[in-house]
Amino acid sequence: MSTDITPFTIAVPEADVQDLRERLARTRRPAVDPGNGWERGVPADYLTRLTEAWADDYDWRAAEAELNAHPQATTEIDGQTIHFIHVRSAEPDATPLVLLHGYPGSFVDFVGLIGPLTDPVAHGGDAANAFHVVIPSLPGFGFSTPVAEPGWEGTRTAKAIVELMARLGYERYGAHGYDIGAGIAGDLGKYAPDAVIGSHVATDPMALAYLGMIGEAADDATPEERASIERLRAAAEDGTGYLRLQATRPATLAHGLADSPAFQLAWIVEKVHEWTDTRYELPEEAIDRDAILTNVSLYWFTRSGGSAAQFIWEAFHAEQDWGSQSPTPTGVAVFATDPVVRRTMDPEGKTAHWSEFERGGHFPSLEVPDLLVADIRTFFAGLR
């Protein structure tokens, strides 16, 4: 196996860009539209407006140039191509930090954090808060495609990230992640306990409910807490159709995601709507519209909608490593917080670093980056 690290530049062929526009222009709309609400999924009129904006207003080449402004590379680990951004801070004592995205995200989720993390002085911070930043694309996502073989899920990916950080020459480093990335970040210490100084994870009540991690109400729960638990569980029951399909029939789903950009857009934007800050009515009010379209474009151009779904299938069918726990410190940041989260996940308050924020949601790096950066700085300040 080669251990070479090869510089990488995004260069989507112009024919693919034109093909996307043509497919969007030929989008077939549903024959029946039950209304403009989101309770049955993405409304037809909303998706029509967004597909038109994607075809006519969005500039992939500008997004591509912005992404290429950051040094990228690929390397082969365990037979799989791993793509990543790697930006070293000018501060000599900076702490290496690997940022791990979730679903339905990608490495682009964290591009806006590169400046504040690597150059804190220029962004209202102290030089002591500087990080060297590594942002991988998880196997099956973005340019870590195609997937070389079955079996790529959280545990195997965590081991690959350990190898990646060692290959980059980092002997001690921290990790941050959300969604799938949170699980991987939390597992890194199992496989590199002497290297991982701490894992910082971001989450939100809805994501925890989707994963079945919001437990039964305690005997002494207040009526308000019981109502919150019921609300979260009902939302999870109503909204996990995407998860069940990806965990059971990802290959069938992959055909539609690879053939129809409108379907790929609807598949992702539904979750953006449901998982971002509920104070906003539309996805682009919580996250910049072009940021949403850049992420969806990445899924489209790399055909990673299907392989990302396969990652979910692998995760649900993999043997779980319940026998070991990471010995490294863990920090938790809960966005769009609800008091029941800590009551059910950490009732004894054993997690030393636990932060809660009323704002934000599932994608804090895109929704409330300032809050996320500040919490990452605080958590790692005592671990350097």
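Leaving out neighbours up to four places along the sequence, Glu367 is in contact with Trp275, Thr276, Asp277, Ala286, Ile287, Gly360, Gly361 and His362. Keep in mind as you look around that this is a predicted model.

**Glu367**
- You'll find Glu367 in helix H16, which covers residues 364-367.
- Glu367 is buried but has no salt bridge.
- Arg279 has the nearest side chain of opposite charge, and that is 7.7 Å away.

**The sheet**
- Nine strands make up an open sheet with mixed pairing, in the order E1-E2-E3-E5-E4-E6-E7-E8-E9.
- At the edges sit strand E1 (5-8) and strand E9 (353-357), each pairing on one side only.
- On average, neighbouring strands here are turned by 25 degrees against each other, ignoring direction.
- Strands E2 (residues 72-77) and E3 (residues 80-87) run antiparallel and are joined by six bridges.
- Look for Ala73, which stands opposite Phe84 in E3.

**Helices across the sheet**
- Helix H5 (residues 154-167) lies across E1, E2, E3, E4, E5 and E6, and runs at about 120 degrees to E2.
- Helix H17 (residues 369-381) lies across E4, E5, E6, E7, E8 and E9, at about 150 degrees to E7.

**The core**
- In soluble globular proteins, nonpolar side chains tend to be buried together.
- Here, the largest nonpolar core has 113 residues, and Phe107 is one of those with the most contacts inside it, as are Trp54 and Val98.
- Setting aside residues up to four places away in sequence, Phe107 touches several others, including Ile10, Leu67, His83, Phe143 and Leu298.

Definitions and conventions:
Residues numbered from 1 in each chain as written. Predicted model: local features only at pLDDT ≥ 70, side-chain atom pairs only at ≥ 80, totals over all residues. Heavy atoms only, no water. Core = buried A, V, L, I, M, F, W, Y, C linked by side-chain atoms within 4.5 Å. Buried < 20%, exposed > 50% of the residue type's maximum accessible area, 1.4 Å probe, protein only. Contact = heavy atoms within 4.5 Å. Helix = DSSP H or I, 4+ residues; strand = E, 2+ residues; numbered from the N terminus. Lys, Arg positive; Asp, Glu negative; His and termini not counted. Salt bridge = Lys/Arg side-chain N within 4 Å of Asp/Glu carboxyl O. Pairing = 2+ DSSP bridges. Axes fitted to C-alpha atoms, helices over the stretch in contact; angles between N-to-C directions.
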